[in-house]
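Please look through the sequence and the model below before reading the questions and answers that follow.

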Amino acid sequence: MMNWEPISEACLCDEIRSAEGRMSPRVLRLREAIKIPPEKWVEPTYGTVGGGFWVVAIIGNRVIWFNDIEVGFNCSLYVAAGQLAEYFCNQDQLEIAVQNVLAIIETGKDSIARCSAPVPREWQ
């Protein structure tokens with residue numbers, strides 16, 4: 001990760017516009033209802049190096065945010081505004097993350113398997 005640099009807000013906005021162009025009308029309507037201007041939120045485990053991660057949508061106690069280390073969007077819980085409560089490293093496109101929120105609304109269940117951060121351990 002020595003050559004890694006956090007994504008700029010301008011590049012993130014390009015990524016968002018591209019994803020919005022791929023969204024179905026139904027998913028885009030939800031995106032419009034929950035989107036916020038991108039803002040950095042802290043994540044103490046992996047987010048300190050880049051000054052946090054960009055949150056792009058809020059609904060209830062969940063946020064959609066961009067993990068620029070793994071290059072993908074995630075849907076995570078939060079307890080306090082400005083701080084992510086969960087770290088995931090899915091590499092989903094924004095339209096997939098918004099579709100997942102729609103599934104949660106409709107079924108009450110998360111439809112995406114979550115990829116967690118690496119867990120350090122001794123190899124046998």
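Q: In which strand is A57 found?
A: Helices (H or I, at least four residues) and strands (E, at least two) are DSSP runs, numbered from the N terminus. The model is predicted, so local features need pLDDT of at least 70 and side-chain atom pairs count only at pLDDT 80 or more, while totals for chains, interfaces and linings use all residues. Residues are numbered from 1 along each chain as its sequence is written, and side-chain values use heavy atoms, with hydrogens and water left out. On this basis A57 lies in strand 2.

Q: Is A57 buried or exposed?
A: Buried means under 20% relative accessible area and exposed over 50%, with partly exposed in between (1.4 Å probe, protein chains only). Because its relative accessibility is 1%, A57 counts as buried.

Q: Which residue in strand 3 does A57 stand opposite?
A: Two strands pair if DSSP finds at least two bridges between them. Strand 2 runs antiparallel to strand 3 (residues 62-67), to which 5 bridges join it, and it also pairs in the antiparallel sense with strand 1 (residues 35-41) over 4 bridges. In strand 2, A57 has K35 opposite it, and in strand 3 the residue opposite A57 is I64.

Q: What separates the C-alpha atoms of A57 and R31?
A: Contact means heavy atoms within 4.5 Å, and, not counting residues up to four places away in sequence, A57 touches several residues, including R31, I34 and V63. A57 and R31 are 26 residues apart along the chain, and their C-alpha atoms are separated by 7.6 Å.

Q: Which residue in the turn between strand 3 and strand 4 has a positive phi?
A: Strand 3 and strand 4 (72-77) pair in the antiparallel sense over 6 bridges, with N67 opposite G72 in strand 4. The two strands form a hairpin with 4 residues between them, and the turn residue with a positive phi, of about 60°, is V71.

Q: Within what arc do the buried residues of helix 1 fall?
A: The buried residues of helix 1 are L12, I16, A19 and E20. Seen down the helix axis, they line one face of helix 1, because the directions from the axis to the C-beta atoms fall, for these buried residues, within an arc of 100°.
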